[in-house]
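Please read this briefing beside the sequence and the three-dimensional view.

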Amino acid sequence: MNMTIRLARHADAAALPAIERSAAGLFRLDPQLAWLADAEVADADLHCQAIEQARVWVAEHVDGQLSGFLRAVTLDNQLHIEELSVSRHFQGQGIGRKLLSAAIEHARAQQLCAVTLTTFADLPWNAPFYQKTGFQRLNSEATSGYLVDALNEEIAQGLPGHRRCAMRLTLP
Ligand SMILES: CC(C)(COP(=O)(O)OP(=O)(O)OC[C@H]1O[C@@H](n2cnc3c(N)ncnc32)[C@H](O)[C@@H]1OP(=O)(O)O)[C@@H](O)C(=O)NCCC(=O)NCCS
């Protein structure tokens with residue numbers, strides 16, 4: 001596939017809400033989570049802010065089309081992945097893994113101590129996917145600080161807390 005991963009530019013922001021909406025269509029496979037496919041997504045202004053203040057990578061194809069993005073912030077010397085989305089049509093072609101690798105490489109280059117995220121423990125394209133890349137699921141004792149806040153915020157937004165988990169990739 002002729003595709004590159006690069007840092008996002010302001011001009012990319014307009015394309016990102018549609019990618020997140022399309023990606024979320026995958027949740028229709030799980031009846032309890034199907035509502036997520038129609039849930040509100042971050043708008044272009046929010047993406048613009050993130051492009052300025054956080055780290056956003058996009059997957060760009062030779063024709064200029066964007067198919068996915070990953071947004072992350074540095075917290076407590078760790079890179080925290082806030083969102084990873086690949087448009088439905090492009091899923092299953094390795095783009096999510098490439099975006100994840102770009103974030104991990106950045107964290108290594110910055111000598112951060114870990115990469116973290118919160119996700120669904122039991123969906124095959126969530127925790128098991130991250131596990132394949134070396135992430136480990138944190139038990140409740142090991143989940144602290146901003147990860148607890150993130151999980152609580154997700155529950156407040158209606159996500160089923162018992163299916164959510166925090167994960168961490170420790171960097172040497
Ligand atoms: C998660 C997501 C970004 C993965 O992107 P992708 O480009 O489809 O993923 P890849 O093609 O790189 O596949 C990586 C792994 O994910 C898993 N996976 C991806 N899609 C899957 C699916 N539909 N069903 C089961 N497993 C799947 C597989 O384990 C795959 O590894 P494999 O190729 O060795 O089998 C994408 O599925 C998505 O946008 N999902 C909706 C939003 C979401 O769940 N985001 C993550 C929030 S934490």
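Val41 is in contact with Pro17, Glu20 and Arg21, leaving aside its neighbours within four places in sequence; two residues are in contact if their C-beta atoms, placed from the backbone, lie within 7 Å. The model is a predicted one, in which local features need pLDDT of at least 70 and side-chain atom pairs count only at pLDDT 80 or more, while totals for chains, interfaces and linings use all residues. Residues are numbered from 1 along each chain as its sequence is written.

**Position of Val41**

- Val41 lies in the loop between α1 and α2 (44-53); helices (H or I, at least four residues) and strands (E, at least two) are DSSP runs, numbered from the N terminus.
- Val41 counts as partly exposed because it has 18 C-beta neighbours inside 10 Å; a residue with 20 or more other C-beta atoms within 10 Å of its own is buried, one with 12 or fewer is exposed, and partly exposed lies in between.
- Between the C-alpha atoms of Val41 and Arg163 there are 21 Å, and the two residues are 122 apart along the chain.

**The sheet**

- Seen in order, the 7 strands of an open sheet with mixed pairing are β1-β2-β3-β4-β5-β7-β6; two strands pair if DSSP finds at least two bridges between them.
- β1 (3-7) and β6 (136-138) are at the edges and have a single partner strand each, so one side of each lacks a neighbour in the sheet.
- β6 and β7 (residues 164-170) run antiparallel and are joined by 3 bridges, and Gln136 stands opposite Arg168 in β7.

**The nonpolar core**

- The largest nonpolar core has 37 residues, of which Trp57, Phe69, Leu70, Leu99 and Ala103 touch the most other members; such a core is a set of buried Ala, Val, Leu, Ile, Met, Phe, Trp, Tyr and Cys residues joined through C-beta atoms within 7 Å.
- α3 contributes the most to this core, with 7 residues.
- Not counting residues up to four places away in sequence, Ala103 touches Trp57, Leu70, Ala72, Leu79, Ile81 and Val115.

**Around the ligand**

- There are 21 residues around the ligand, and Ala23, Gln91, Gly96, Arg97 and Pro124 come nearest; a residue is near a molecule if its C-beta atom, placed from the backbone, lies within 6 Å of it.
- Elements giving two or more residues to this shell include α1 (16-24), α3 (95-109) and α4 (127-132).
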